[in-house]
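Hello,

Here is the structure I promised to pass on. Please load it before reading further.

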Amino acid sequence: QVQLVESGGGLVQAGGSLRLSCAASARTFNRYAMGWFRQPPGKEREFVAAISASGGRTSYAGSVRGRFTISRDNAKNTVYLQMNSLKPEDTAVYYCAGTLHPLYTAVVTTGREYPYWGQGTQVTVSS
């Protein structure tokens, strides 16, 4: 069983920045494709960003491309989401997700393909 723990959420003004972290308990973290998803208030969960096990490939939702950056440090078993130029519509609970994947270069963008999820961290952007 893999445990994922997010941190770094909070309240920020529009235009500001936050960095989310997700610490994983997996001993073979470098074999896990990772992703970030979010659920805005009253809406369904949506894809934000994903990164391959190797860290060499990434994918972003159109709404965050150019503002958010996903990265990982396999030595620290941690994946990050750097969020810049935040907008009120970025307000959501952000979830980290992971899946053991046989391909180091695969990015996984659909939630149903992730068996492991964190508890979520709230991000609120005020206008």
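Ground rules. This is a predicted model, so local features need pLDDT of at least 70, side-chain atom pairs count only at pLDDT 80 or more, and totals for chains, interfaces and linings use all residues. Residues are numbered from 1 along each chain as its sequence is written, and side-chain values use heavy atoms, with hydrogens and water left out.

Overall picture. The protein has 0 helices and 11 strands. Both kinds of element are DSSP runs numbered from the N terminus: helices are H or I with at least four residues, strands are E with at least two. The C-alpha trace spans about 40 × 25 × 25 Å along its principal axes.

Buried residues account for 47% of the 127. Buried means under 20% relative accessible area, exposed over 50%, and partly exposed in between (1.4 Å probe, protein chains only). Of contacts between residues at least 6 apart in sequence, 62% join residues at least 24 apart. Contact means heavy atoms within 4.5 Å.

Strand β9. This strand covers residues 92-100. Of its 9 residues, 7 are buried, so β9 is largely enclosed by the rest of the structure. Its pairings, where two strands pair if DSSP finds at least two bridges between them, are these:

- β4 (residues 32-39): antiparallel, 8 bridges to β9. Q39 has V93 as its bridge partner in β9.
- β11 (residues 121-126): antiparallel, 3 bridges to β9. V93 has Q122 as its bridge partner there.
- β10 (residues 116-117): antiparallel, 2 bridges to β9. G98 has Y116 as its bridge partner there.

Residue S85. Where does S85 sit? It lies in the loop between β8 (78-83) and β9. S85 is partly exposed, at 42% relative accessible area. Leaving aside neighbours within four places in sequence, S85 is in contact with G15, G16, S17, R67 and D90. S85 and C96 are 11 residues apart along the chain, and their C-alpha atoms are separated by 21 Å.

Best regards
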